Structures are given as structure tokens and as C-alpha cells.
Amino acid sequence: MTDTSLFARDGAALSPLQKLRFFPLAVTGGAGSVLIEEGGRELLDLSASWGAASLGHSHPAIRAAVDRALANQAGASILSGTNAPAVDLAETLLRLTPGSDDRRVWLGHSGSDANETVARVVPAATGRSRIMAFSGAYHGGTQGSMSVSGHTAQEGATKAGGLTLVPYPDPFRPFEGDPSGEALLAHIEHLLATSCPGDEVACFFMEPIQADGGLIVPPEGFLARLSKLCAHYGILTVCDEVKVGLGRTGLMHCFEYEGFVPDIVVFGKGLGGGLPISAVIGPSWIMDHQPAFSMQTLHGNPICASAAMAVLTTIQSDDLASRAQATGNILMDEISLATSQLPEVGDIRGRGLAIGVELVKNEDGKPHPDLARKTVYRAWQLGAVFYYVGMNSNVLELTPPLILSEDEARTGGRILVQAIKDVVAGKISDEDVADFAGW
């Protein structure tokens, strides 16, 4: 008999080129922080589609904004004519994001095309050929964004000719055993004075929390000191806020924790609340480099721009940054208390609703990717959705909707802990996860 389930139909019709699967999730609907599977089972969404569904599912503000935009549609592009939603969005982003007065906004579809645009335009505008970034960074899935990334999942991708990667400051697994990051800063300064001349470097891509690299929170003051070093050489700082920005960490912008203002800021994922839109904010002398330098027909379309305006308005009016901080503390505390006696939990870190749980082997503390792989599968069985990240695929990542309630945070924490315990007890076999390669 032919399997007519939604997941089986997906396998027969959709290309695996665009799939990163961890368990047989087949969704038919959703509301708030809940996903509804085929068959009606409800799942607590602790991923929000990697942070894209920032206001959860079917949020009334986004629905109303999209409906208004479609009812009197102002074209479908800003390519050869402007529209009010796109201009309103750009003006709002400029108002909400710290920086100089003379800046411009570029609108795209995703964090990938936004980071690719930056990687192209900054060298072109500055005349400098080199770019620096961190190992573990995942700046996107297009050729240009992969070329300035440093994640193991993209090892086969062609890198930019002038790219120099340096380790990300990880207090749990520190560079040269120095959790303060000072040894790493000295290493970067040495590179800029020798093999990677600072006056040839156009920009330094950085994440204020390294997301797909393992939800790593840098040591206090590290990025501020790095920013000063970059300024000394005239290197522009590019802050990738695609996954951790816009209220997720307890502040509107994650870089605000770090005590510096980047030259260029990149937004994506949660900006559209589930619709495809991204943005780059930078100085006009960069962003005005050349007309038609980075364009696609549907960039700045009024439907996605209206959804993004609804997202930004709701984050402010409902004080969702503060809510993310409060519920994130509850979620992290729930996990910390319940795993204090579990040696397999090596580190719990994050800010607000961007939380990473690093799983390690009991005997030697090394990364435990098999435990992570089976834990997310078991959590799905128990009723929660989240995934794992990291250079070693051993860090559970929690990026739930900003509207997550306190009760949902406690429930999610309990499911995560139970999933780890069940896997340690042997309740998930290799065969159960054989069809799900993940990262």
C-alpha cells in the first residue's frame, strides 16, 4: 500500500537539497507557541523554525498587516518604483537601530542574501580585498554568504579569496585556555600586524552570540575590545543579528550587551515573523556604492514589508524583549536545576530566549553528538520541537517564539530534561534516528 502521509508525500515530491531533518515532523497548522501535526497532535515549539516565527504562529498583528497590504497591493517590488510599506520599514529600522545619522537600509529576502550583499559591497566600496570572520560562523546558504562563513557544515563551499577565519571566543572551550578572550584578541592583533594586514581588511563579520556555531556567548567586553581594534585599522564591523536580534535576547539588539555600535547591522529570520525578508543597515558611503548592485525583483515587496512592520511594532508595544528575558530565565533555570546532577550536560548558556545546552560524554567531557541527535528525536516524541547546532553537532538550541509563556517555558524545560534522561537510559536506538542526518 502506498504511504499517503504528509511526510511520505514530502519525500516523494520535495528535493532533499533544501532539507535538514531531525525527526519526521509534518505540520498542518499552528497557533501561538504550538504546532499542530498531521493527525492533530500538538507540539510545543521551542525552535520557531530556527527563530523565524518570532511572534509564534498565526499572530493576529501579522495576519491583519498582510491582509491590509493584499487588499490594496502597492505593487510587488522596490526595484523600479517605491512603496509605502518598504519606506516605512526602512525608516523604522533606522530609528530603532543605533548608529550615525547618515545611513541607508537595503531590503532582501533572507539573512543569506543580506550577508552576501555586505560581503560584496564592502570590499567594492572600500577598495580593500580581505574579510575576517569567525570559525563556526554560519552567515547563510548562498554562495556569497557561505564564502565568508566558517561552519563545518559548509566545508565544501568555496571561500572568499581574502577570507581569514579566527576562533570564536568560547568561555567553555577557550582559545589557549584563556576564557577571558585576551589571548584570542592578541592573536587577532598579531594577524592584523603580519599575515592579514589590517589596512587590507574591509570588514569583520561577527555574531554577538554565535548561533549555529553552538549558541556561544562571548566573554564580557570581548566584542567591544575587538571593535576598537578594528577601528584602529579602519575595518568596518558587521554584526549578524539574523538569529539573535530583535528582542530575542532581552534587548532589542543583542550587540547592545557588548558595549559597542557596529558599523553595519544585518537582520533576517524573525524580522518577517515567518515571511521572507531581511535588512542591512549601514553608512550611506557603503550602501550608496552603486545602483542595482544587489537586487532581486521581489526585494522590498509590500506584503513582507508590512509583516515586518507588524513584528517591530508588536515587539515594542508588547515589550516582548523584556518578556523574552523573563521567560528565558525561567526556561534556563528549569533546565539548570534539573540537570545539575547530569554529567552529560556540560554547559548551559544564552541570553533571553536564545539558549544553548551543550551535551558531553560522561567519561571525558568531549562533545556528544549522538546524545544530541537522539535527544531532539526523543523530545519530539514527548511533544516538543527543537534542534541541535554547533561545530560538533552537540548543542541543543532553544529559540522559541518571543510570546512563549512562563508555563510553556517550564513545560519545555521539563520535556528537554526528560528527553536527555531517556536517551541516557537507552530509550532511543540508532535505528530510530537512522533516517535523520541533521547537521
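## Surface and burial

The accessible surface of the chain amounts to about 17700 Å², and carbon and sulfur atoms contribute 51% of this area (Shrake-Rupley method, 1.4 Å probe). This is a predicted model, in which local features need pLDDT of at least 70 and side-chain atom pairs count only at pLDDT 80 or more, while totals for chains, interfaces and linings use all residues. Residues are numbered from 1 along each chain as its sequence is written, and side-chain values use heavy atoms, without hydrogens and water.

Of the 439 residues in the chain, 56% are buried (under 20% relative accessible area, 1.4 Å probe, protein chains only).

## Overall dimensions

The C-alpha trace spans about 60 × 55 × 45 Å along its principal axes.

## Aromatic pairs

The whole structure contains 14 aromatic pairs (ring centres of Phe, Tyr or Trp, the latter by its six-membered ring, within 6.5 Å; stacked if the planes are under 30 degrees apart, edge-to-face if over 60, tilted otherwise). The pair of Phe23 and Trp380 is stacked, because the ring centres lie 5.8 Å apart and the planes meet at 10°. Phe23 is buried at 2% relative accessible area, and Trp380 is also buried, at 12%.

Ring pairs join a cluster that includes Phe7, Phe22, Phe23, Trp50, Tyr138 and Trp380.

## Charges over rings

The charged end of Arg120 sits over the ring of Phe293, 4.3 Å from the ring centre (CZ of Arg or NZ of Lys within 6 Å of the centre and within 35 degrees of the ring normal). Arg351 lies over the face of Tyr257, 4.4 Å from the centre of that ring.

Notes
Buried < 20%, exposed > 50% of the residue type's maximum accessible area, 1.4 Å probe, protein only.
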